[in-house]
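Biologist: I would like to learn how to read a model such as this one, starting from its surface. Please show it to me first.

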Amino acid sequence: MHRWRVGEIDIVRIEDASFSLPTTYDVPGWMVPDLAPTPDEIGLAFSALALRTADGQRVVIDPWLADDNPRSQPDAADHAAGLLDQLAAAGFPADDVDLVINSHIDGIGWNTRPDASGGWVAAFANARYVYPADELASVDRGDPVYGGDEVGVLRAAGVIDSVVAPATLAPGIEVVDAPGHNPGHFAVRIESGDDLAIVPGHLVLSPIQVDDPGFDVGDADLALATVTRRAILGELADRGGLLLTTLMGGSGGGRVRADGDGYALMADHLAV
């Protein structure tokens, strides 16, 4: 678990799986050991970010997206309960969460959990679920969107808000267009006082994309994604802001600074 504070907004990251993969990339020293365990490996994780706003609203971003394999296992209910218990221990009981923001649809993650009857229900029973309007439209057209079928559980429950960016969702929390990874992709801006953090969704899957914003990790439109990453990282570097992710390993983020033709992250978190 890692914590940050952005002005009056508290942020915590809860990990599920974390692991490392070998790489032949020339790993810069700033990544080791937090984001790259060794110069030959890159750290990855599946996690969720939770925020408490100045007025006490509780918000969850991208709850363990991209890895839907645990949902098909016999212990899926226990797995989901364990993650929600960790969130509760960090101050975010599932039933107290007001808002769940999905940067895009990439599997369903633990937006839903198993219920006692063997079906699936919203994991955060009292929350509104925000999805990009363009992503939901893609699902409705029958486009091949990974996890699109599973969104039906939330739609049936009447808890989805289809949102067009830019949109302010809570005090200090705004979704903005962040195109390139896939159509309709959001980034989440967290701003309080003079401080800024940005959650780039899956525009940043690896710390290599911080060092080299043009590095290809499977964006639908690499050229556009590169422009978007540079814009996000450039603004954060100019303001000394935080980049916070759900898929990078280690702390999953840090303060951004310019570094040659790319950028670097400086640790700024409290591990607990």
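Modeller: This is a predicted model. The chain exposes about 10700 Å², and carbon and sulfur atoms supply 51% of that area.

Biologist: What share of the 272 residues counts as buried?

Modeller: The test is a relative accessible area under 20%. By that test, 54% of the 272 residues of the chain are buried.

Biologist: How many helices and strands does the chain have?

Modeller: Its secondary structure comes to five helices and 17 strands. The radius of gyration is 17 Å, close to the 19 Å from the globule rule for 272 residues, so the chain is as compact as a globular protein of that length. Along the principal axes, the C-alpha trace spans about 55 × 40 × 35 Å.

Biologist: And the contacts along the sequence?

Modeller: Take the contacts with a separation of 6 or more: 65% of them join residues 24 or more positions apart.

Biologist: How far apart are the mean positions of the positive and negative charges?

Modeller: They are 5 Å apart, with 16 positive and 42 negative charges in the chain.

Biologist: Now a single element. What span should helix α5 have?

Modeller: Helix α5 covers residues 222-239, and at 1.5 Å a residue its 18 residues should span 26 Å; the end C-alpha atoms are 26 Å apart, which agrees. Just after α5, Gly-240 takes a positive phi of about 65°.

Biologist: Which residues of α5 are buried, and what covers them?

Modeller: The buried residues are Ala-225, Thr-226, Thr-228, Arg-229, Ile-232, Leu-233, Gly-234 and Leu-236. Their cover includes helix α4 (208-211) and the strands β12 (186-192), β13 (195-199), β14 (242-244), β15 (253-259) and β16 (262-266).

Key
Residues are numbered from 1 along each chain as its sequence is written. This is a predicted model: local features need pLDDT of at least 70, side-chain atom pairs count only at pLDDT 80 or more; totals for chains, interfaces and linings use all residues. Side-chain values use heavy atoms; hydrogens and water are left out. Helices (H or I, at least four residues) and strands (E, at least two) are DSSP runs, numbered from the N terminus. The radius of gyration is taken over C-alpha atoms; the globule rule is 2.2 Å times the number of residues to the power 0.38. Buried means under 20% relative accessible area, exposed over 50%, partly exposed in between (1.4 Å probe, protein chains only). Contact means heavy atoms within 4.5 Å. Accessible areas come from the Shrake-Rupley method with a 1.4 Å probe; for residues, only the protein chains shown count as cover. Lys and Arg count as positive and Asp and Glu as negative; His and the chain ends are not counted. The place of a charge is taken as NZ of Lys, CZ of Arg, CG of Asp or CD of Glu. The expected span of a helix is 1.5 Å times one less than its number of residues.
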